[in-house]
Amino acid sequence: MEVVIVPDAPAGGELIAEAMAQLLRRKPDALLGVATGSTPLPIYQALAAKVRSGAVDASRARIAQLDEYVGLPSSHPESYRSVLRREVLEPLGLSMDAFMGPDGEAEDVQAACAAYDRALAEAGGVDLQLLGIGTDGHIGFNEPCSSLASRTRIKTLTEQTRIDNARFFEGDIDQVPHHVITQGIGTILEARHLVLLATGEGKADAVAATVEGPVAAVCPASALQLHPHATVVVDEAAASKLKLVDYFRHTYANKPEWQGI
C-alpha cells in the first residue's frame with residue numbers, strides 16, 4: 001500500500017484527479033468507481049476543471065456507483081444516483097448513459113445486488129475505485145466486522161449513520177432510509193486500482209488502523225493491504241497518527257515521476 005501525504009484536501013483532489021486523467025488518456029473508456037460524500041468533492045472539481053480546459057477528454061468515461069439507498073426513488077434529489085449526476089456526471093459532460101449502479105428500487109433486492117456484481121464484471125471491471133473512510137474504518141457501507149470477502153449486498157444503516165445523514169433530508173431522520181445496497185469488500189478489491197482519500201484529524205485513527213494495523217474485519221478498510229495497487233492519500237491531520245510517516249514521506253519524495261500513484 002502506498003501512502004501519499006499532501007498539505008490539504010485540494011492538493012489531494014488535484015493529485016488523484018491527475019491520476020484519473022492519466023488513466024483516461026491511456027484508456028478513454030475507463031470505468032471509474034466513484035463515492036459520495038464531501039471528501040471526494042475536491043477530486044471531482046479538479047477533474048472537471050481538467051475537462052473544461054481540454055487537458056483531458058472524459059467523453060467516453062464510464063461511471064460506476066459504490067452504494068445506493070434502498071427504496072428511495074432514483075429521482076429523489078438525495079438518492080446517490082442523483083447526487084452523482086450532479087457532482088460527477090454533469091460536470092464531466094456525461095449523460096446517464098455512461099452510468100451504472102445498483103437498482104435500489106428493485107422488488108428483489110438480493111437479485112439486484114447479484115445483478116450489479118455481474119454487470120461490473122461484464123463491463124470489464126472497475127479500473128479505478130475512489131473510496132472515503134469512516135471514523136470507524138468503514139468503506140462504502142461495509143461497517144466494522146463486515147466480511148472481507150463480501151459481495152454487493154443489502155446492509156442496515158446504524159442509527160448513528162441515519163442521524164448523520166438526516167442533514168440531507170431536511171433534518172428529518174424519518175425520511176432517511178434504513179437500508180442500502182453497497183459493494184462488498186470482496187467486490188471493491190476486484191478494482192484494478194484503489195484510491196482512498198482521507199482528510200482531517202477525525203480520520204487519523206482509522207487511517208493508522210488501515211495502513212499500519214492488522215488486516216481485520218473490525219477495520220474494513222484494512223483489507224486494502226491485500227490489494228496489489230492501493231493508494232492512500234491523506235492530509236497532514238489525517239496522517240498524524242501514522243508511526244511510519246517519515247518513511248512514507250521519503251518513499252514518495254524519491255519515487256520516479258513516471259510512476260504516478
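Helix α2 (residues 41–53) comprises 13 residues and reaches 18 Å from its first C-alpha to its last, close to the 18 Å expected at 1.5 Å a residue; the expected span is 1.5 Å times one less than the number of residues. Helices (H or I, at least four residues) and strands (E, at least two) are DSSP runs, numbered from the N terminus. The model is a predicted one, in which local features need pLDDT of at least 70 and side-chain atom pairs count only at pLDDT 80 or more, whereas totals for chains, interfaces and linings use all residues. Residues are numbered from 1 along each chain as its sequence is written, and side-chain values use heavy atoms, with hydrogens and water left out.

The buried residues of α2 are Pro42, Ile43, Tyr44, Ala46, Leu47, Ala48 and Lys50, where buried means under 20% relative accessible area, exposed over 50%, and partly exposed in between (1.4 Å probe, protein chains only). These buried residues pack against α1 (9–26), β2, α3, β6 (128–131) and β9 (193–198), contact being defined as heavy atoms within 4.5 Å. Just after α2, Gly54 adopts a positive phi of about 85 degrees.

Twelve salt bridges are present in the structure, each being a side-chain nitrogen of Lys or Arg within 4 Å of a carboxyl oxygen of Asp or Glu. One of them joins Glu14 to Lys50, with the closest N and O atoms 2.8 Å apart. Because Glu14 lies in helix α1 and Lys50 in helix α2, the pair ties together parts that are 36 residues apart in sequence. Glu14 is partly exposed, at 37% relative accessible area, whereas Lys50 is buried, at 10%. Glu14 and Lys50 are also linked with Glu18 and Arg25 in a network of salt bridges.

A salt bridge also connects the side chains of Lys27 and Asp127 (2.9 Å, N to O). Lys27 occupies the loop between α1 and β2 and Asp127 the loop between α4 (109–122) and β6, so this pair ties together parts that are 100 residues apart in sequence. Lys27 is partly exposed, at 29%, while Asp127 counts as buried, at 6%.

Seven strands form an open sheet in the order β1-β10-β9-β6-β2-β3-β5, with parallel pairing; two strands pair if DSSP finds at least two bridges between them. The edge strands, β1 (2–6) and β5 (99–100), each pair on one side only. Five bridges join β1 to β10 (residues 230–235), and the bridge partner of Glu2 in β10 is Thr231.
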